[in-house]
Amino acid sequence: MNTLLPSTLMAAAGIVQEGDVLLQTVAQPFDLPTEADEARHVVRELNAAISRVNELHDFGKGMGIAAPQIGIGRAVAAIVPPGDGSTPVVTPADLPRSPYFPPRP
């Protein structure tokens, strides 16, 4: 039986924990297409983090992770819908048209 706290497990997987100053700082958007290579790098890092976290816990209801949660102060997140193996990437500019964030009534 694993006796480690979930926060300890997540920290070991590279997930920034509550109280970290980065989580209290406004994440910076990418200047696309100028920073396309940097954006691709961050997306690869997000996907790697999702893989590490999935080894620790089954997120049957889906999961999402934002770049600041892995120590990168950029405005982008990866979302894994429930029952789906894909990892769509959502930036703040995408939110109004993302199927994962339907308009509020």
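Which residues are exposed on the other side of H2? They are Asp-37, Arg-44 and Glu-55, where exposed means over 50% relative accessible area, buried under 20%, and partly exposed in between, with a 1.4 Å probe and protein chains only. The legends below describe a predicted model, in which local features need pLDDT of at least 70 and side-chain atom pairs count only at pLDDT 80 or more, while totals for chains, interfaces and linings use all residues. Residues are numbered from 1 along each chain as its sequence is written, and side-chain values use heavy atoms, with hydrogens and water left out.

**View 1. The protein chain as a whole.** The protein chain holds two helices and three strands, which follow the order α-α-β-β-β from the N terminus; helices (H or I, at least four residues) and strands (E, at least two) are DSSP runs, numbered from the N terminus. Of its 105 residues, 29% count as buried. The mean pLDDT, the predictor's confidence in each residue on a scale from 0 to 100, is 78 for the chain, and 76% of the residues score at least 70. Among the elements, H2 has the highest mean pLDDT (87) and S3 the lowest (69). Where pLDDT is low, the predicted coordinates should not be read in detail.

**View 2. Helix H2 and its buried face.** The buried residues of H2 are Ala-36, Ala-39, Val-42, Leu-46, Ala-49, Ile-50 and Val-53. Seen down the helix axis, these buried residues fall within an arc of 135°, so they line one face of H2; the arc is that of the directions from the helix axis to the C-beta atoms. They pack against helix H1 (6–12), strand S1 (63–66) and S2, contact here meaning heavy atoms within 4.5 Å.

**View 3. Val-42, Ile-65 and the largest nonpolar core.** A nonpolar core is a set of buried Ala, Val, Leu, Ile, Met, Phe, Trp, Tyr and Cys residues joined through side-chain atoms within 4.5 Å. Of the 18 residues in the largest such core, Ile-15, Val-42, Leu-46, Ile-65 and Ile-70 touch the most other members. The elements that give two or more residues to this core are H2, S1 and S2, and H2 gives the most, with six residues. Val-42, in helix H2 (residues 36–56), is buried with a relative accessible area of 0%, and, leaving aside its neighbours within four places in sequence, is in contact with Phe-30, Ala-67, Ile-72 and Val-76. With the same exclusion, Ile-65 is in contact with Ile-15, Leu-46, Ala-49, Ile-50, Ile-70, Ala-77 and Ala-78.

**View 4. Arg-74 and its polar partners.** Arg-74 is found in the loop between S1 and S2 and counts as buried, at 13% relative accessibility. Its side chain makes a polar contact with the side chain of Glu-35 (2.7 Å), and also reaches the backbone oxygen of Pro-29 at 3.0 Å. A polar contact is a pair of N or O atoms within 3.5 Å; within protein, one must be able to donate a hydrogen and the other to accept it, and residues adjacent in sequence count only if both atoms are side-chain atoms.

**View 5. Pro-81 beyond strand S2.** Pro-81 lies in the loop between strand S2 (77–80) and strand S3 (89–90), and counts as buried at 11% relative accessibility. Pro-81 and Gly-64 are 17 residues apart in sequence, and their C-alpha atoms are 8.3 Å apart in space.
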